[in-house]
Amino acid sequence: MNDVSAGETSRTPRLFATALSLYALLGLSVVAWRLDLGLISTALSLLIAAAKALIVALFFMDLRRSAVSVRLAAAAGLLWVAIMLMLTAADYETRPPGTRLGSPTPSEGESSQPPWLYLPPADRPAISSGSTRTN
Amino acid sequence: MTPLAQQFDEPGRQRRAAMLGVWVFLATEVLLFGALLTAYTVYRRADPHAFAEASSKLYGWIAVLNTAVLLASSCAMAAAVHGPHARARRRVRLLTLTAALGASFLLIKAVEYALDLREHLLPGPGFDAAPFRHPQAAELFLFFYWFLTGLHALHVAGGVALITGLTLRLRTSHRPESLDNLVEGAGLYWHFVDIVWLFLLPLLYMVPRA
């Protein structure tokens, strides 16, 4: 009984440390957001989110002391999402510029598809600024 | 500890089986949100400027406040699960705090939704295209916003109901330790809901103007 209560009292400071680091990372997210660092800010904010998620999983969900079967179950979800993301990216990121999202080949001239369904051609911004909601 | 079901030799195995079950359920939840976020990524890649423009119309500071509330709720849950099990009353207090913070999250989200509606940001017939340079893509972004945050809010509401029910049972139970596995499983679910929000925050509210 004694060793159990000793283990529990040592958990309270760690809980505070975990909470503190989570709030520090939230502060960092806000700073990165307000600074607006452009292209790297998406990567940075996702990296911070992943760090927060890892802390929650390891310390709050106790994954660092879980059985192997539990760790496998936790990894399986992430693995399948990673496969889905990679195969999806392998498709869309390798299509020729100017391709409709619904078709694997570039469309001829102006299409009747809504402009947001296009991958932008290499020499043109995503959407011509005059686009409207007609049709 | 939880009463031993007949198919288990000892409580440790019963607990491990219960936690594995919760984790497998959470893996299917990862796939649900993962598929939605993959679709979101494809459309955002196709039109980053319009997504950034539409995202800038959302109330980012309310979302930051809500993140702080949800993190506090997760901390309270962790304290309830990992704290001294012998003191059931402490656990009841912490679980009540967890549920109250979860309910606060929903309340704040409801206020945010009301503000969004006032600005006609809901896709559909009432949508106001005027403030957007790319209204179609903006509507698509807002569809993702409403669907993802709505689905998450449903998960939070389910969690609040689950934790409230557990707290009531703990208060009235003569053997509160018999609910240990249930409390721990509910804790895993609650932390997972927190993690989903941690990713929704940068993806929906913090879209950079590329």
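I looked up which helices line the largest pocket. Helix 3 (39-60) and helix 4 (68-92) of chain A each supply at least two residues of the lining, and so do helix 1 (11-46), helix 2 (48-55) and helix 6 of chain B. I note that this is a predicted model.

I then checked which helix gives the most. That is helix 1 of chain B, with twelve residues in the lining of the largest pocket.

Next I looked up the pocket's volume. The largest pocket comes to about 1,300 Å³. Its lining counts 41 residues, and the closest to the centre are A:Leu46, A:Leu85, B:Leu37, B:Phe199 and B:Leu203. I sorted the lining by class: 33 residues are nonpolar, five are polar and three are charged.

I moved on to helix 6 of chain B and a partner. Helix 6 (residues 180-205) and helix 4 (residues 88-118) of chain B have axes that come within 13 Å and cross at roughly 30 degrees. Angles under 35 degrees count as roughly parallel, so helix 4 of chain B is roughly parallel to helix 6 of chain B. I looked up the hand of this crossing, and the crossing of helix 4 and helix 6 of chain B is left-handed.

Last, I listed the contact residues. Helix 4 of chain B brings B:Arg91, B:Leu95, B:Thr98, B:Gly102, B:Phe105, B:Lys109 and B:Glu112. Helix 6 of chain B brings B:Asp180, B:Val183, B:Trp190, B:Trp197 and B:Tyr205. I grouped the residues of this contact by class: six are nonpolar, two polar and four charged.

Notes: Residues are numbered from 1 along each chain as its sequence is written. Chains are lettered from A and ligands numbered from 1 in the order in which they are written. This is a predicted model: local features need pLDDT of at least 70, side-chain atom pairs count only at pLDDT 80 or more; totals for chains, interfaces and linings use all residues. Side-chain values use heavy atoms; hydrogens and water are left out. Axes are lines fitted to C-alpha atoms, for helices over the stretch in contact, and angles run from 0 to 180 degrees between N-to-C directions. Helices (H or I, at least four residues) and strands (E, at least two) are DSSP runs, numbered from the N terminus. Angles under 35 degrees count as roughly parallel, over 145 as roughly antiparallel, 65 to 115 as roughly perpendicular and the rest as oblique. A crossing is left-handed if the near helix is turned anticlockwise from the far one by less than a right angle, and right-handed if clockwise. Contact means heavy atoms within 4.5 Å. Ala, Val, Leu, Ile, Met, Phe, Trp, Tyr, Cys and Pro count as nonpolar, Asp, Glu, Lys and Arg as charged, and the others, Gly among them, as polar. On a 1 Å grid over the protein atoms alone, a cavity is a set of points where a 1.4 Å probe fits but cannot get out, and a pocket is an open set with protein on both sides within 12 Å along at least five of seven lines; lining residues have an atom within 4 Å of a point. Grid points are joined across faces, edges and corners, and a volume is the space filled by probe spheres set on the points.
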